[in-house]
Amino acid sequence: MNKLLLATALTAISGAAFAQEVVRLGTEGAYPPYNFINDAGEVAGFERELGDELCKRANLTCEWTTNAWDSIIPNLQSGNYDVIIAGMSITAEREQVIDFSQAYLPPASSAYLAASADVDLMSGPVAAQTSTVQAAFLAENGMSLVEYATPEETVAAVKNGEAVAVLADKEYLVPIAAESGGALVLLAREESIGDGEGLGFRDSDDALRGKFDAAIKSMKCDGSLDAMITKAEYFGPEAKVWGEAGKEGC
């Protein structure tokens, strides 16, 4: 009986100590509306608001850090931060090296941005950010691919003629097209890639992943995640949401 009480007490102490640890959230800070750096030099965007709310629900103290996209998984594994929250699509290839939470965004459409609506996508290279699902899609489908380290560089490649188009998340490209004054247009063709976006964790961090999974599910159950997704400053009222499917098992 004493051993049982001791084990219970140790478990409680361990849980309390874990709740007080600082959990470091790693993001890119260069992919609006998912994440970006605001005028105050702070991480902002949909994933900033989401991450803060998840930490609150999980009773975790969290802090934010930024990291270049092309090394975001290696630096998670090396311990520079504890969670990736950076618009990362859940794929079988990535699941071989890290664990994912349940998806917090449904699978999103990827779109092409080009200088002309009638561009032939097979006539030249199509730009994509390095190590993204879009880059993998282009390579797997026999299209000429040119990769860049940042999303801004992929758009610049279209502007200066290095690429005939760029393939990226539609939500990222829509405002760029709107602000281009007609110089850049979204093509009618879209692609559905990946299994939605999730948080990335080291394989050894099952307990931490479980806390965030529970927090994500609670937001799906009470509808607050859908409400956040459809905010005008993020993905808008027409965005794909979880709806009743997200409330299964609530």
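**Figure 1. Overall fold of the predicted model, with eight helices and 13 strands.** The radius of gyration of the protein is 20 Å, close to the 18 Å given by the globule rule for 250 residues, so the protein is as compact as a globular protein of that length. The C-alpha trace, taken along its principal axes, spans about 75 × 35 × 35 Å. Of the 250 residues, 45% are buried. Among contacts with a separation of 6 or more, 70% are between residues 24 or more positions apart. The accessible surface amounts to about 11,800 Å², and carbon and sulfur atoms contribute 52% of this area.

**Figure 2. Charged side chains of the protein, 17 positive and 38 negative.** The centres of the positive and negative sets are 8 Å apart. The count of salt bridges in the model comes to 11.

**Figure 3. Salt bridge between the side chains of Arg202 and Asp82.** The N to O distance in this pair is 2.9 Å. The pair links distant parts of the chain, its members being 120 residues apart. Arg202 belongs to the loop between strand E13 (200–201) and helix H7 (206–222), and Asp82 to the loop between helix H3 (72–77) and strand E6 (83–84). Both Arg202 and Asp82 are buried.

**Figure 4. Salt bridge between Asp206 and Arg209 in helix H7.** The closest N and O atoms of the two side chains are 3.2 Å apart. Because Asp206 and Arg209 are three residues apart in helix H7, about one helical turn separates them. Asp206 has a relative accessible area of 43% and is therefore partly exposed; Arg209, at 21%, also counts as partly exposed. Salt bridges with shared partners join Arg24, Asp82, Arg202 and Asp205 into one network.

**Figure 5. Salt bridge between the side chains of Arg189 and Glu191.** The N to O distance is 2.7 Å. Arg189 has a relative accessibility of 42% and so counts as partly exposed. Glu191, by contrast, counts as buried because its relative accessibility is 11%.

Figure 6. Beyond its neighbours within four places in sequence, Trp64 is in contact with Leu25, Thr27, Val43, Glu47, Arg48, Gly51, Asp52 and Ile85. Thr27 is 37 residues from Trp64 along the chain, yet the C-alpha atoms of the two are separated by 7.6 Å.

**Figure 7. The cis peptide bond from Pro32 to Pro33.** Omega for this bond is near 5 degrees. Pro33 is located in the loop between strand E2 (30–31) and strand E3 (35–37). In general, most peptide bonds are trans, and most residues other than glycine have a negative phi.

**Figure 8. Positive phi at Asn59 and at Ser131.** Asn59, although not a glycine, has a phi of about 60 degrees. The position of Asn59 is in the loop between helix H2 (46–57) and E5. Ser131, likewise not a glycine, has a positive phi of about 65 degrees. Ser131 occupies the loop between strand E9 (126–129) and helix H4 (133–140). With a relative accessibility of 44%, Ser131 counts as partly exposed.

Technical notes. Residues are numbered from 1 along each chain as its sequence is written. This is a predicted model: local features need pLDDT of at least 70, side-chain atom pairs count only at pLDDT 80 or more; totals for chains, interfaces and linings use all residues. Side-chain values use heavy atoms; hydrogens and water are left out. Helices (H or I, at least four residues) and strands (E, at least two) are DSSP runs, numbered from the N terminus. The radius of gyration is taken over C-alpha atoms; the globule rule is 2.2 Å times the number of residues to the power 0.38. Buried means under 20% relative accessible area, exposed over 50%, partly exposed in between (1.4 Å probe, protein chains only). Contact means heavy atoms within 4.5 Å. Accessible areas come from the Shrake-Rupley method with a 1.4 Å probe; for residues, only the protein chains shown count as cover. Lys and Arg count as positive and Asp and Glu as negative; His and the chain ends are not counted. The place of a charge is taken as NZ of Lys, CZ of Arg, CG of Asp or CD of Glu. A salt bridge is a side-chain nitrogen of Lys or Arg within 4 Å of a carboxyl oxygen of Asp or Glu.
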